[in-house]
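Please read them with the structure open.

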Amino acid sequence: MSNCLFCKIAAGEIPSTKVYEDDSVLAFRDIAPQAPTHILVIPKAHIPSVDGITAENSAVVAHIFAVIPQIAAAEGLKNGYRVVSNCGEHAGQTVPHLHFHILGGRQLALEMA
């Protein structure tokens, strides 16, 4: 998608601080971190949100969830971490491209906002 921020990051048109990359997935540091470790993991192919996951594109989501523990280990998140995906405006999704937040590096609050 030509006007998608994360598609532009995946294409290398906008710089990011990459922590992982392969043919189908990119992980990079969030520019407004909500925890000491805050990494975004995205499919390089445009999927608008969790609602856009289909039988045809779900393999990349499975791959993302195989990669997340590798990233967490590389980041030293030994005491745990949180994986979050916001779906839609009311959930706080601000970029309409499927992404998963890896949050860690400190004790995270248990209550929901």
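1. What volume does the largest pocket have? The answer is about 800 Å³. A pocket here is an open set of points on a 1 Å grid over the protein atoms alone, where a 1.4 Å probe fits, with protein on both sides within 12 Å along at least five of seven lines. Its volume is the space filled by probe spheres set on the points, which are joined across faces, edges and corners.

2. On the source: this is a predicted model, in which local features need pLDDT of at least 70 and side-chain atom pairs count only at pLDDT 80 or more, while totals for chains, interfaces and linings use all residues. Residues are numbered from 1 along each chain as its sequence is written, and side-chain values use heavy atoms, with hydrogens and water left out.

3. The largest pocket is lined by 30 residues (an atom within 4 Å of a point). Asp30, Gln34, His38, Asn86 and His101 lie nearest its centre. The lining divides into 15 nonpolar, 10 polar and five charged residues, with Asp, Glu, Lys and Arg counted as charged, Ala, Val, Leu, Ile, Met, Phe, Trp, Tyr, Cys and Pro as nonpolar, and the others, Gly among them, as polar.

4. Helix H1 (5-10) and strands S2 (25-29), S3 (37-43), S4 (81-84) and S5 (100-104) each supply at least two residues of this lining. The largest share, three residues, comes from H1. Helices (H or I, at least four residues) and strands (E, at least two) are DSSP runs, numbered from the N terminus.

5. The second largest pocket holds about 170 Å³ of space. Among the residues lining this pocket are Lys78, Arg82 and Arg106. Its lining divides into three nonpolar, five polar and three charged residues.

6. Five strands form an open sheet in the order S1-S2-S3-S5-S4, with antiparallel pairing (at least two DSSP bridges between two strands). Strand S1 (18-21) and S4 are the edge strands, each pairing on one side only. S2 and S3 pair in the antiparallel sense over five bridges, and phenylalanine 28 stands opposite leucine 40 in S3.

7. The structure holds two aromatic pairs (ring centres of Phe, Tyr or the six-membered ring of Trp within 6.5 Å; planes under 30 degrees apart are stacked, over 60 edge-to-face, the rest tilted). In one of them, the rings of phenylalanine 6 and phenylalanine 28 have centres 5.6 Å apart and planes at 80 degrees, so the pair is edge-to-face. Phenylalanine 6 lies in helix H1 and phenylalanine 28 in strand S2, so the pair ties together parts that are 22 residues apart in sequence.
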